[in-house]
Amino acid sequence: MCRVVDLQQAVLAKNEAAAQTLRLALTARGTTVVNLLSSPGSGKTALLERELGLARERGVSVAALTADLATENDALRLGRSGVPVKQVLTDGLCHLEAAMLGRHLDGWLPEDTRLLFVENVGNLVCPASYDLGESLRVALASVTEGEDKPLKYPTAFGLAHLVVVTKTDIAEAVGFDEAAFRANVQQVNPGVEVVLTSARTGEGLGTLLGRALAVADGDPVHTPVMAARDQGHPGHGHSHSHDHDHGPGHDHDHDHDAGHARAHPPVVRAR
């Protein structure tokens, strides 16, 4: 067991170093990374599509990279916004890693990109422990997922700089208790901002873009208590604890379909 723990720590330490290198390189060229984490079906793709479209309308240079185990569906949806989009297929890997992200940005990311939105694999376990060189980490949850979601996934929500609630247009229909959700968020991440959004009605539209631009302009981000206890990089440390115990590269019970679509050049496989 000790060897497994040591291996986990070594993998995460290597990732932290790669993330810091990537962060410094992107910051030097004027690009700020926003890492979006959520469960499958949270509505983050729908919200991101609208935020990207709004950025384009406002003349903000943005790009998006989206990661999935299979299909390029999310890239096709995000591409409708008119901004540069790249799909990464992970072949069963349940998260992105900093070195992997850096390789896929090399030669693709436009030089003038001010904001890069990374839509991580739909999973609140593995991605929570991997810094991608982001300056803003966002945890999303829909009103259909239950008010106790932050308590079930304390690492994902506890390390977030911003928490976004999606699908508020159906909150009343599903009996969403906003006060209870906010209380649970504060329990794992005191002081973090919670934003209510609906891609359908437009509630909260532009808030995510605004927060990302503020960070790009040098505004400080919220410092989670969990991150402050960690020894990671200043103001952005990540806990290496997991909501479920597993080794590095562990494949959760995801569908590992072999027939990934390859029709479009921006679709690449993680290495």
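Which residues have the most contacts inside the largest nonpolar core? In this predicted model, they are Leu36, Leu52, Val62, Leu115, Phe117 and Val138, within a core of 27 residues. Several elements give two or more residues to this core: the strands E1 (32-37), E2 (62-68), E4 (115-119), E5 (136-142) and E6 (162-166), together with the helices H2 (44-57), H3 and H9 (207-216). Another core, of 21 residues, lies apart from it and has Val125, Ala128, Ala156 and Val194 among its members.

Leaving aside neighbours within four places in sequence, Leu115 is in contact with Thr32, with Val60, Ser61, Val62 and Ala63, and with Leu209, Ala212, Leu213 and Ala216. Val62, one of these partners, is itself listed among the residues with the most contacts inside the largest core.

The chain as a whole may be described next. The fold comprises ten helices and eight strands. Of the 271 residues in the chain, 54% are buried. When contacts between residues at least 6 apart in sequence are considered, 79% of them join residues at least 24 apart.

Helix H3, which spans residues 73-79, contains Ala75. The relative accessible area of Ala75 is 13%, so this residue is buried under the 20% cut-off. Beyond its neighbours within four places in sequence, Ala75 is in contact with Thr66, Val85 and Gln87.

Charged side chains form nine salt bridges in the structure. In one of them, Glu49 and Arg80 meet at a distance of 3.0 Å, N to O. What is the relative accessibility of Glu49, and is the residue buried or exposed? The value is 18%, so Glu49 counts as buried. Arg80, by contrast, has a relative accessibility of 59% and therefore counts as exposed.

Two further salt bridges involve lysine residues. Lys149 is paired with Glu145, with the closest N and O atoms 3.1 Å apart, and both of these residues are buried. Lys152 is paired with Asp148, with the closest N and O atoms 3.6 Å apart. Asp148 has a relative accessibility of 33% and so counts as partly exposed.

Aromatic rings provide the last topic. The structure holds one aromatic pair. The pair consists of Phe176 and Phe181, whose ring centres are 5.7 Å apart; because their planes meet at 55 degrees, the pair is tilted. The cut-off for an edge-to-face arrangement is over 60 degrees. Phe176 has a relative accessibility of 14% and therefore counts as buried. Phe181 is buried as well, with a relative accessible area of 1%.

Definitions and conventions
Residues numbered from 1 in each chain as written. Predicted model: local features only at pLDDT ≥ 70, side-chain atom pairs only at ≥ 80, totals over all residues. Heavy atoms only, no water. Phe/Tyr/Trp six-rings, centres within 6.5 Å; stacked < 30°, edge-to-face > 60°. Buried < 20%, exposed > 50% of the residue type's maximum accessible area, 1.4 Å probe, protein only. Helix = DSSP H or I, 4+ residues; strand = E, 2+ residues; numbered from the N terminus. Contact = heavy atoms within 4.5 Å. Core = buried A, V, L, I, M, F, W, Y, C linked by side-chain atoms within 4.5 Å. Salt bridge = Lys/Arg side-chain N within 4 Å of Asp/Glu carboxyl O.
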